[in-house]
Amino acid sequence: CLSKSVTVIAPALLLAQDFWLRRRPELRLYLGSIGVSLVAAALHIAVGSNVGMTTELAGGSRATALITMGPVWFRYLQALIWPASLSAIYDVPTRSTWDLPALAGYVVLVGWGLLGIALWRRRDERQLLFALAWFLVPLLPVSQLVFPLENRMADRYLLLSVGAAAVGAAWLARNELALALFAFAAAALAIATERRAVLFSDSVALFEDATAKTRESPVAPYQLGQALEARASWASAAGAYREALRRASSDAELGRRATNGLAHAYVNGGNLADAEQVLLSGRVRWPKDPKMLVNLAVVTGALGKKPQARQLYLELKRDFPKYAAELEAELEQGRGAH
């Protein structure tokens, strides 16, 4: 329960297992597991709040969060069946009205549940309901309905839900042909897993993949820009930051960071004039960002505009005295170290 937040639902999965095995629940086991889960949940909530993992409900209400998560349920199901679309980052746009994509995920879940109930009542076959529980229950803590999280969808949230795919495959593979098909699929997935794992050994490759698989999220190109900066690939980093800025119309914080990142890439690439224009535009949008003001002062000074640079620094000291004092202290320490 302390290893991953989704595991706090362990008591519900124990109940599903007892249902599948037609076993009477053991009271001591449930009391102990519920106690551990409650303590772990409190820790996960506290840590998540401290590090900024929680955010506002998608669309501002539980109703809009419910609609927003409709396509996500369907995409999770799709990932379990054939995970070709896995990505480090996903686009999950906010939705406020019901449409076909929003309904699709819930229709599949309800259909799955109704079919499972029918098989249980008529044939006493419980695997399908058990598989539904193993898919749905671990995802409830990250469904945005209980705790609104910064990441609306992530591969790692399927940590326990993959058990549903295993149970479903075992239920379907009842003859030699089906078993052979599942064996072939398992082999193909093993090869694909090896290839995908390589992405995680290289930040540039990982975020290039995520940028290609998303259209709206500015996070993927911003992270790509950071990775390219680490390699001193300034022209490519600037291109990634420009894409992040293009996508960041609804994400002011990522836009602010991408603006500073783009200016930094331009400066290191020797393009001071473009860096100045980017920072001037950024100052209009984020006039209360002291870092952008400092960056603009430095670039303006590097372009030989000393009076303007001095005026910008005086503006920093006037509007952000604490930030200016901290910056001057860092500079003094740097001089002392040399």
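A salt bridge is a side-chain nitrogen of Lys or Arg within 4 Å of a carboxyl oxygen of Asp or Glu. This tour begins with such pairs in a predicted model, in which local features need pLDDT of at least 70, side-chain atom pairs count only at pLDDT 80 or more, and totals for chains, interfaces and linings use all residues. Residues are numbered from 1 along each chain as its sequence is written, and side-chain values use heavy atoms, with hydrogens and water left out.

Select Arg257 and Glu253. These residues form a salt bridge whose closest N and O atoms are 3.4 Å apart. Both belong to helix α12 (residues 252-268), where they are four residues apart, about one turn of the helix. Helices (H or I, at least four residues) and strands (E, at least two) are DSSP runs, numbered from the N terminus. Arg257 is partly exposed at 33% relative accessibility, and Glu253 is partly exposed at 39%. Here buried means under 20% relative accessible area, exposed over 50%, and partly exposed in between (1.4 Å probe, protein chains only).

**Second stop: a pair between helices**

Select Arg283 and Glu315 next. Their side chains meet in a salt bridge at 2.5 Å, N to O. The pair links distant parts of the chain, with Arg283 in helix α13 (residues 272-285) and Glu315 in helix α15 (residues 306-319), 32 residues apart. Arg283 is buried, at 15% relative accessible area.

Which residue meets Asp124 in a salt bridge? The partner is Arg22, at 2.9 Å, N to O. Asp124 lies in the loop between α5 (100-123) and α6 (127-136), and Arg22 in the loop between α1 (10-20) and α2 (27-50), so the pair ties together parts that are 102 residues apart in sequence. Both ends are partly exposed: Asp124 has a relative accessible area of 33%, and Arg22 one of 48%. In total, the structure holds 18 salt bridges.

Select Ala79, Leu80, Ile81, Trp82 and Ala165, which lie nearest the centre of the largest pocket among its 36 lining residues. A pocket is an open set of points on a 1 Å grid over the protein atoms alone where a 1.4 Å probe fits, with protein on both sides within 12 Å along at least five of seven lines; lining residues have an atom within 4 Å of a point. Its volume is about 1200 Å³, taken as the space filled by probe spheres set on the points. Colour α7 (162-172), the source of the largest share of the lining, eight residues. By residue type, the lining divides into 29 nonpolar, three polar and four charged.

Select Arg196 in helix α8. Arg196 is buried, with a relative accessible area of 15%. Beyond its neighbours within four places in sequence, Arg196 is in contact (heavy atoms within 4.5 Å) with Leu86, Ser87, Ala88, Asp155, Asp209 and Lys213.

**Last stop: the whole chain**

Zoom out to view the entire protein, which has 16 helices and zero strands. Its C-alpha trace spans about 85 × 45 × 45 Å along the principal axes. Buried residues make up 39% of the 338 residues.

Definitions and conventions:
Ala, Val, Leu, Ile, Met, Phe, Trp, Tyr, Cys and Pro count as nonpolar, Asp, Glu, Lys and Arg as charged, and the others, Gly among them, as polar.
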